Every structure is written in structure tokens, then in C-alpha cells.
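Keep the sequence and the 3D view side by side.

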Amino acid sequence: MSAEVSRTAVVAAPAEDVWSVLADFGDLARWVPEVDHSCLLRAGSPGIGTTRRVQVGRTTLLEAVRAWSPPAHLGYDITGLPPALRVVHNDWHLRPVEAGTEVTITTTVDAGPRPPQQLVARLVARRMATTSEKMLAGLAAALTTGDRTRA
């Protein structure tokens, strides 16, 4: 059983503009304050299979795209977290609304079927929700200021 948590914000920009920031997959460090460095592992067209390296403090994560549907859905698996976490992935969904674009990040965490593992999954998902809130704020700031340098 996995734990799932979602966070949503409305960004005052068209979905295509929001997608252009998300689709620049290696550029995460420019608009997420907690990310020290991010880069693509291989040059090429973005899409399913694209992988980025993300440095957050002493932690190195790999994020590999598994869903790519412009300009509505980006999904990626996250590896590099403690091995007790079997599966962690984020899904971004964009939906045009009158005020701009509704952006939802859903994080799914699977640590295993036993009750202690499920508790770990819920705790990690809660922590990831805080990160999602910061990512949404950084995305909104990058789009409203037109500056993608450390929102």
C-alpha cells in the first residue's frame, strides 16, 4: 500500500508557459530554492526516459521521466532516497483555469505492505508535500517575474 499526497496552486500564466518551465527538465535548480544543482544526464529531446540529476545538500537524486503529455502531465520516478522507500514518484498535472493554470503535484510513496512500512510511507509523503509546496511557489515566482533564477 502506498501513501499519496497532492498539493495544488493556481499560477497566473497560461498552461503552455508553465509547461515550458517544467519541460526544461534539467533546469530545476533555477526555480526550486532547495535544489543546489540539477542537470540532464544525457543531451537530447525531452520526453519519456529523460533523466536528471538533482543535488539537494548532500543528497543526490535521479529523476527519470515516465509520463510526458504536453502541456498537461509530467510524471517522473525519484531514486536516491533511503532504500526503505521502494517507489517514489511525482506527477504534475496542468489544467487551464480562468486565472491561469491550476498546477497539481501528486507524490506517491511506497515503502511496503507492513504497518511500520506504511507509516514510513505516510511520513515521507507528508515531508514531500512540504517540498511540493515550495516547488509550486518557486514555479509561480519564476513565471510571474519572468526570471527563472532562484525564485
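The largest nonpolar core has 40 residues. A nonpolar core here is a set of buried Ala, Val, Leu, Ile, Met, Phe, Trp, Tyr and Cys residues joined through side-chain atoms within 4.5 Å. Buried means under 20% relative accessible area, exposed over 50%, and partly exposed in between, with a 1.4 Å probe and protein chains only. Val 18, Trp 31, Leu 74, Trp 92 and Leu 139 have the most contacts inside this core. The elements that each supply at least two of its residues are β1 (2-11), α1 (15-23), β4, β5, β6 (87-97), β7 (100-110) and α2. Of these, α2 gives the most, with ten residues. Helices (H or I, at least four residues) and strands (E, at least two) are DSSP runs, numbered from the N terminus. In soluble globular proteins, nonpolar side chains tend to be buried together.

A word on the source. This is a predicted model, in which local features need pLDDT of at least 70, side-chain atom pairs count only at pLDDT 80 or more, and totals for chains, interfaces and linings use all residues. Residues are numbered from 1 along each chain as its sequence is written, and side-chain values use heavy atoms, with hydrogens and water left out.

Now look at α1. Its buried residues are Ala 15, Val 18, Trp 19, Val 21, Leu 22 and Ala 23. What covers them includes β1, β4, β5, β6, β7 and α2. An α-helix has 3.6 residues a turn, so residues three or four places apart point the same way.

Ala 13 sits in the loop between β1 and α1. Is Ala 13 buried or exposed? Its relative accessibility is 7%, so Ala 13 counts as buried. Contact means heavy atoms within 4.5 Å. Not counting residues up to four places away in sequence, Ala 13 touches Val 18, Gly 100, Thr 101 and Leu 143. In helix α2 you will find Ala 142. Ala 142 counts as buried because its relative accessibility is 4%.

Return to Leu 74, one of the core residues with the most contacts. Leaving aside neighbours within four places in sequence, Leu 74 is in contact with Trp 19, Leu 22, Phe 25, Val 65, Ala 67, Trp 68, Asn 90, Asp 91 and Trp 92. A cavity is a set of points on a 1 Å grid over the protein atoms alone where a 1.4 Å probe fits but cannot get out; a pocket is an open set with protein on both sides within 12 Å along at least five of seven lines; lining residues have an atom within 4 Å of a point. Grid points are joined across faces, edges and corners, and a volume is the space filled by probe spheres set on the points. The count comes to one cavity of 30 Å³ or more. The largest cavity has a volume of about 40 Å³. Its lining has eight nonpolar, no polar and one charged residues.

What is the volume of the largest pocket? It is about 520 Å³. The pocket is lined by 25 residues, and Val 56, Leu 61, Leu 81, Met 128 and Thr 131 lie nearest its centre. β3 (51-56), β4 (59-69), β5 (73-79) and α2 (115-145) each supply at least two lining residues. Again α2 gives the most, here with eight residues. By class, the lining has 16 nonpolar, five polar and four charged residues. In this scheme Ala, Val, Leu, Ile, Met, Phe, Trp, Tyr, Cys and Pro count as nonpolar, Asp, Glu, Lys and Arg as charged, and the others, Gly among them, as polar.

Next, take Asp 91 in strand β6. At 11% relative accessibility, Asp 91 counts as buried. Its side chain makes a polar contact of 2.7 Å with the side chain of Arg 66. A polar contact is a pair of N or O atoms within 3.5 Å; within protein, one must be able to donate a hydrogen and the other to accept it, and residues adjacent in sequence count only if both atoms are side-chain atoms.

Finish with Thr 51, in strand β3. Its side chain reaches the backbone oxygen of Gly 49 at 3.2 Å. Thr 51 and Ala 64 are 13 residues apart in sequence, yet their C-alpha atoms are 4.2 Å apart.
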